[in-house]
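Have the sequence and the 3D view open side by side for this one. The tour goes from the whole chain down to single residues.

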Amino acid sequence: MEKQAQNILSVSELAIGYGTKKVAEHINFSLKPGILCGVVGVNGIGKSTLLRTLARFQPMLSGKIELKGQSTKQIPPEKLAKELSVVLTESPASKNLTVEELIALGRQPYTNWLGTLTSQDKKYINESLDAFLLNDLRHKKCHELSDGQLQRVLIARAMAQDTPLILLDEPTTHLDLYHKVQILKLLRELAHYQQKTILFSTHEIELAIQLCDTMLILDGKNHPFGGPCQLIEQQHFDGLFPSEMVQFDPQTGTFKVNK
Ligand SMILES: Nc1ncnc2c1ncn2[C@@H]1O[C@H](COP(=O)(O)OP(=O)(O)OP(=O)(O)O)[C@@H](O)[C@H]1O
């Protein structure tokens with residue numbers, strides 16, 4: 001019998017928010033290796049708050065978050081940096097670095113206090129430059145890059161960090177359709193070919209339906225989770241937006257504007 005892969009991330013009865021302000025509760029899902037998962041939901045529903053909570057940038061209000069079966073509360077920061085990498089919307093303060101230098105920062109959890117790169121570190125950096133089509137840009141300063149190029153660099157840094165779990169907050173914002181698809185396909189390849197577990201928030205619901213293995217819909221109530229086809233069949237996209245404005249077409253997996 002085939003052995004079931006261990007969950008990389010398990011979230012149960014999670015409540016997120018700020019102090020006494022609860023943003024969302026009863027969030028439940030789990031992710032295995034090699035899975036690309038999109039988190040969708042309307043503006044202000046709590047997508048960034050969820051990612052920040054999972055990354056331990058802010059405390060959870062209640063519930064449980066486990067990485068490979070261990071509560072994240074118990075994982076020391078230096079170990080956490082080898083388990084999860086994070087790409088947030090803020091542009092890096094380190095834009096004065098070259099592409100190669102920024103990606104090398106991904107190796108920080110593994111280097112000594114002098115930051116000396118071993119041949120193993122250099123191998124990861126070169127593989128990340130290759131995978132994200134950045135070889136021609138490796139000596140450019142990050143402030144010279146377009147939004148799409150910079151986004152590729154930030155994801156390449158996460159890849160160089162070589163963690164089983166990668167969290168990204170809106171990795172396709174400000175990109176044109178071609179570059180949105182490019183980024184999502186690169187993430188999908190990273191998940192499928194390198195068995196990374198990747199969780200990202202997005203407003204690109206239609207692209208996420210086409211490219212994700214699983215999706216989490218933050219809807220302010222039950223937060224359905226599952227494969228895109230399953231979520232379509234269960235009509236979970238239908239009530240995402242007010243129906244007098246837009247309607248979901250389950251045949252095509254797209255939203256139609258009511259004129
Ligand atoms: N630092 C903060 N302190 C208090 N409330 C906050 C803070 N940051 C966000 N919020 C509130 O938490 C709620 C969820 O915000 P969040 O940014 O997580 O939503 P989102 O789904 O990522 O939104 P968007 O799609 O617009 O990026 C909102 O009501 C927001 O105003």
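## Ground rules

This is a predicted model, so a word on confidence: local features need pLDDT of at least 70 and side-chain atom pairs count only at pLDDT 80 or more, while totals for chains, interfaces and linings use all residues. Residues are numbered from 1 along each chain as its sequence is written.

## The whole chain

Let's start zoomed out. The chain has 8 helices and 12 strands; helices (H or I, at least four residues) and strands (E, at least two) are DSSP runs, numbered from the N terminus. Along the principal axes, its C-alpha atoms fill a box of roughly 55 × 45 × 40 Å.

How much of the chain counts as buried? The share is 37% of the 259 residues. A residue is buried if 20 or more other C-beta atoms lie within 10 Å of its own, exposed if 12 or fewer, and partly exposed in between, with C-beta atoms placed from the backbone. As for contacts (C-beta atoms, placed from the backbone, within 7 Å), residues 24 or more positions apart account for 66% of those with a separation of 6 or more.

## Sheets and strand pairs

Strands of a sheet pair through backbone hydrogen bonds, either parallel or antiparallel. Here, two strands pair if DSSP finds at least two bridges between them. An open sheet of 6 strands runs in the order β6-β7-β8-β3-β9-β10, with mixed pairing. β6 (84-87) and β10 (225-226) stand at the edges with a single partner strand each, so one side of each has no neighbour in the sheet. Further in, β7 (residues 165-169) and β8 (residues 197-201) run parallel and are joined by 5 bridges, with Ile-166 opposite Ile-198 in β8.

Now look at β1 (residues 9-18), which runs antiparallel to β4 (residues 62-67) through 5 bridges. Ala-15 stands opposite Ser-62 in β4. β4 is also joined to β5 (residues 70-71), again antiparallel, by 2 bridges, and Leu-67 has Gln-70 in β5 as its bridge partner. The hairpin of β4 and β5 has 2 residues between the strands, and Lys-68 there takes a positive phi near 45°.

## Helix α4, a two-faced helix

Helix α4 (residues 119-131) has 13 residues and spans 18 Å from first C-alpha to last, close to the expected 18 Å at 1.5 Å a residue. The expected span is 1.5 Å times one less than the number of residues. Its buried residues are Tyr-124, Ile-125, Ser-128 and Leu-129. They sit on the same side of α4 because they cover an arc of only 135° around the axis, the arc being that of the directions from the helix axis to the C-beta atoms.

That buried set packs against α3 (99-104) and α5 (147-161). The face turned away carries the exposed Ser-119, Gln-120, Lys-123 and Asp-130. Just after α4, Leu-133 takes a positive phi of about 55°.

α5 is mostly covered, with 12 of its 15 residues buried; among them are Arg-152, Val-153 and Ala-156. Its cover includes β6, α3, α4, β7 and α6 (177-194). Just after α5, Asp-162 takes a positive phi of about 50°.

The largest nonpolar core has 65 residues, and those with the most contacts inside it are Ile-103, Val-153, Ile-155, Ala-156, Leu-167 and Leu-187. Such a core is a set of buried Ala, Val, Leu, Ile, Met, Phe, Trp, Tyr and Cys residues joined through C-beta atoms within 7 Å. α5 gives the most to this core, with 8 residues. Leaving out residues up to four places away in sequence, Ala-156 touches Ile-103, Ser-128, Leu-129, Ala-131, Phe-132 and Leu-134.

## A close-up of Val-99

Val-99 lies in helix α3. Why does Val-99 count as buried? Because Val-99 has 26 C-beta neighbours inside 10 Å. Beyond four places in sequence, its contacts include Leu-134, Cys-142 and Val-153.

Note on methods: Two residues are in contact if their C-beta atoms, placed from the backbone, lie within 7 Å.
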